[in-house]
Protein chains: 2
Amino acid sequence: MSNRPLTPSMEDYLEAILVLEKKNRVARVKDIAAMLDVQMPSVTGALKNLRDRNLIDYEKNSFINLTDMGLEKAKKIKKKHGILLSFMEIVLNESGEEAEKEACSWEHHLSTNVANKIQRVVDYIEEGFETGRITPDEWNRLIEG
Amino acid sequence: MSNRPLTPSMEDYLEAILVLEKKNRVARVKDIAAMLDVQMPSVTGALKNLRDRNLIDYEKNSFINLTDMGLEKAKKIKKKHGILLSFMEIVLNESGEEAEKEACSWEHHLSTNVANKIQRVVDYIEEGFETGRITPDEWNRLIEG
DNA sequence: TTCCCTTGTTATGATTGCCTAATTATTTGA
DNA sequence: TCAAATAATTAGGCAATCATAACAAGGGAA
């Protein structure tokens, strides 16, 4: 039972499990590996690590289930991911694979506090679009330099 | 001569060398260790790594000198660091040790393109303060939620 | 049922980056 | 000058994360 803080890598696995559960009902080793671009043995190792941390229930060759604690943590990470993605897309006019990749790296180094503030920046820009304070076109010209 | 992409850790060392050179004329192992909060043997190891990458000239027990390539890379990282810090301070109203730490982690996962766009967000907010479009107080209330 | 294909696991090894302890080199000051 | 203090290096080890190769388990089809 490891009590050390979650590493970025383990956060990635946890998030992948949550995303795959939503998408496919169950998260399979093969799909986690594909999503994170690692080989299957790396996933097996990670699952043991997450089990030691009581974040998943898992027996070999069987289904993976997030524990309450695991689900909670996975949701937090996923939320940060979403905030960063919307910041990238709406505020920075960046989308696609590159933006996705950068958001993925950032999210592990982002405090909840800062994440919330970034969300409010996104809200402010979106509201500006809605009220006509600034048009998306104007904003994008501004942001593209 | 390693040609792999610079790791976050090696970027930290490179940046620390540049900062210490500016501050003290020369970067010493002891000071790099203190700045990055690692032990001196870790620095020695990192210096060999950076030398293998042709980013510093370095012989043991002697001065450390950034090569042209090393200087260039160090400056880029330092610039990203500065951009993130100003984003934290001006846009997110976050300063102090915590903000510094988060900027330090981010900067290694930040493309030049996204960094430049973030800079323009900072400029936009600052300009808003100058023109009175929005006051710092209003902005901070907004961002603090 | 039995063979085959897919999926998952184990065993093992490489890399990175950090540490402590011990040694060597350099600097300082009496 | 030379002994003590400081600085830096080497040696050896540990933890995390990934990989490849080989083996085991499970499911479908003849």
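1. In this predicted model, A:Lys117 and B:Glu94 are both buried. The two residues form a salt bridge, with 2.8 Å between their closest N and O atoms. Since A:Lys117 belongs to helix α6 (residues 112–131) of chain A and B:Glu94 to the loop between α4 and α5 of chain B, the pair joins two chains.

2. A further salt bridge brings together the side chains of A:Glu144 and B:Lys117, at 3.0 Å from N to O. This pair also crosses between chains: A:Glu144 is in helix α7 (residues 136–144) of chain A, and B:Lys117 is in helix α6 (residues 112–131) of chain B. A:Glu144 has a relative accessible area of 38% and is therefore partly exposed. B:Lys117, at 2% relative accessibility, counts as buried. Through salt bridges with shared partners, A:Glu94, A:Glu144 and B:Lys117 are joined into one network.

3. Within chain A, the side chains of A:Asp31 and A:Arg28 meet in a salt bridge with an N to O distance of 3.3 Å. A:Asp31 counts as buried because its relative accessibility is 19%, and the cut-off for that class is under 20%. A:Arg28, with a relative accessible area of 45%, is partly exposed. Over all chains, the count comes to six salt bridges.

4. Turning to helix packing, the axes of helix α4 (residues 68–91) and helix α5 (residues 97–106) of chain A come within 9 Å and cross at roughly 140°. The two helices, α4(A) and α5(A), are therefore oblique to each other, as angles count as roughly antiparallel only over 145 degrees. The crossing of α4(A) past α5(A) is right-handed.

5. On the α4(A) side, the contact involves A:His81, A:Leu84, A:Leu85, A:Phe87 and A:Met88; these meet A:Ala99, A:Glu100, A:Glu102, A:Ala103, A:Cys104 and A:Trp106 of α5(A). Sorted by class, the residues of this contact are eight nonpolar, one polar and two charged.

6. In chain B, the axes of helix α4 (residues 68–91) and helix α5 (residues 97–106) come within 9 Å, crossing at roughly 140°. That angle makes α4(B) oblique to α5(B). The helix α4(B) passes α5(B) in a right-handed crossing. Among the residues making the contact are B:Leu84 and B:Phe87 of α4(B), together with B:Ala103 and B:Trp106 of α5(B). The contact of α4(B) with α5(B) comprises eight nonpolar residues, one polar and two charged.

Technical notes
Residues numbered from 1 in each chain as written. Chains lettered and ligands numbered in written order. Predicted model: local features only at pLDDT ≥ 70, side-chain atom pairs only at ≥ 80, totals over all residues. Heavy atoms only, no water. Axes fitted to C-alpha atoms, helices over the stretch in contact; angles between N-to-C directions. Helix = DSSP H or I, 4+ residues; strand = E, 2+ residues; numbered from the N terminus. Parallel < 35°, antiparallel > 145°, perpendicular 65-115°, else oblique. Left-handed = near helix turned anticlockwise from the far one by under 90°. Contact = heavy atoms within 4.5 Å. Nonpolar A, V, L, I, M, F, W, Y, C, P; charged D, E, K, R; others polar. Salt bridge = Lys/Arg side-chain N within 4 Å of Asp/Glu carboxyl O. Buried < 20%, exposed > 50% of the residue type's maximum accessible area, 1.4 Å probe, protein only.
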